[in-house]
Amino acid sequence: MIKILIADDHAIVREGLKQVVAEEPGLKVTGEAKDAIELIELVNENEFDIVVLDINMPGRSGLEALKDLKKIKPDLPVLILSMFSEDQYGLRALKAGASGYLKKVSAPTELVTAIKKIVEGGRYTNQSLAEKLASEYSETKRKFLHEGLSDREYQIMCLIALGKSTEEIANELVISSNTVYTYRNRILEKMKMKSNVELTQYVIQNKLVEL
């Protein structure tokens, strides 16, 4: 029996994933977490074969939770589940230690296949993401400005480019507006830019968000 831990802040999403898993013999959801704190507690107290982790959670993001998880259980495989495209977060997730990346819209048809492949020791990515990962080790790989951002800075940059206000970003990430301003200024400094408009143009040109 493959024991699965699902970490997603939306109960309805967790229920949907449980229904998908329930239709497959040999798979069972034995743990649920609504945020990074619950995720770490469950992993410390129980044994799981794989974690299915939402990338966009309140408080500590899925990527931050992934890094914490890998420090505690480095051999526990993690499948990142996300509403964002592979081009946006896939490479960062794999570099942070994830064993696979799957868009939520694909979960009904691909989740079981992804879980089985990862538990067997493989990786689950689409061809485009696999090629991007391979290019990471190429000496001729081009360096982009956004690659110097932390995961949280990258997340906030994308939210700014989507037109979210400071208050909306603060509420979504459960941080203060002042913290958002601090991140924004740091992002602009690292990106060598002067305004949100310039930042948004860069994000769109490099297809880092889906508009």
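Modeller: Axes are lines fitted to C-alpha atoms, for helices over the stretch in contact, and angles run from 0 to 180 degrees between N-to-C directions. The structure is a predicted model, in which local features need pLDDT of at least 70 and side-chain atom pairs count only at pLDDT 80 or more, while totals for chains, interfaces and linings use all residues. Residues are numbered from 1 along each chain as its sequence is written, and side-chain values use heavy atoms, with hydrogens and water left out.

Colleague: Is helix 7 roughly parallel or roughly perpendicular to helix 9?

Modeller: Helices (H or I, at least four residues) and strands (E, at least two) are DSSP runs, numbered from the N terminus. Helix 7 and helix 9 pack with their axes 10 Å apart, at an angle of about 95°. Under the cut-offs (under 35 degrees roughly parallel, over 145 roughly antiparallel, 65 to 115 roughly perpendicular, the rest oblique), that makes the orientation of helix 7 to helix 9 roughly perpendicular.

Colleague: How many charged residues does the contact of helix 7 with helix 9 have?

Modeller: From helix 7, Arg152, Glu153, Ile156, Met157 and Ile160 meet Tyr183, Arg184, Arg186, Ile187, Lys190 and Met191 in helix 9, where contact means heavy atoms within 4.5 Å. Ala, Val, Leu, Ile, Met, Phe, Trp, Tyr, Cys and Pro count as nonpolar, Asp, Glu, Lys and Arg as charged, and the others, Gly among them, as polar. By class, this contact has six nonpolar residues and no polar ones, and its charged residues number five.

Colleague: What is the handedness of the crossing in which helix 9 passes helix 10?

Modeller: The axes of helix 9 and helix 10 (196–205) come within 11 Å and cross at roughly 65°. Arg184, Ile187, Leu188 and Met191 of helix 9 make the contact with Asn196, Leu199 and Tyr202 of helix 10, giving five nonpolar, one polar and one charged residues. A crossing is left-handed if the near helix is turned anticlockwise from the far one by less than a right angle, and right-handed if clockwise. The crossing of helix 9 with helix 10 is left-handed.

Colleague: How many nonpolar residues are there in the contact of helix 1 with helix 5?

Modeller: Helix 1 and helix 5 (residues 107–119) pack at an angle of about 60°, with axes 10 Å apart, which makes helix 1 oblique to helix 5. Helix 1 passes helix 5 in a right-handed crossing. Leu17, Val20 and Val21 of helix 1 meet Ala107, Pro108, Leu111, Val112 and Ile115 of helix 5. In this contact no residue is polar and none is charged, and the nonpolar residues number eight.

Colleague: Within what arc do the buried residues of helix 2 fall?

Modeller: Buried means under 20% relative accessible area, exposed over 50%, and partly exposed in between (1.4 Å probe, protein chains only). In helix 2 (residues 36–45) the buried residues are Ala36, Leu39, Ile40 and Val43. They line one face of the helix, because, in directions from the helix axis to the C-beta atoms, they fall within an arc of 90°.

Colleague: Which residues are exposed on the other side of helix 2?

Modeller: The cover over the buried residues of helix 2 includes strand 1, strand 2 (27–33), strand 3 (50–54) and helix 3 (62–72). On the other side of helix 2, the exposed residues are Ile37 and Glu45.

Colleague: What covers the buried residues of helix 8?

Modeller: Helix 8 (residues 166–173) has Thr166, Ile169, Ala170 and Leu173 as its buried residues. They are on the same side of helix 8, because their arc around the axis is only 100°. Their cover includes helix 7 (151–161) and helix 9 (177–191).

Colleague: What phi does Lys192 have?

Modeller: Most residues other than glycine have a negative phi. Lys192, in the loop between helix 9 and helix 10, is exposed, with a relative accessible area of 69%. Although Lys192 is not a glycine, its phi is positive, at about 60°.

Colleague: Is Asp8 buried or exposed?

Modeller: Asp8 is placed in the loop between strand 1 (2–7) and helix 1 (11–22). Leaving out residues up to four places away in sequence, Asp8 touches Val13, Arg14, Ala33, Lys34, Asp54, Met57 and Lys104. With 1% relative accessibility, Asp8 counts as buried.

Colleague: What distance separates the C-alpha atoms of Ser85 and Lys103?

Modeller: Ser85 lies in the loop between strand 4 (78–82) and helix 4 (86–95), and Ser85 is buried, with a relative accessible area of 9%. Leaving out residues up to four places away in sequence, Ser85 touches Gly90, Tyr101, Lys103 and Glu210. Ser85 and Lys103 are 18 residues apart along the chain, and their C-alpha atoms are separated by 6.6 Å.
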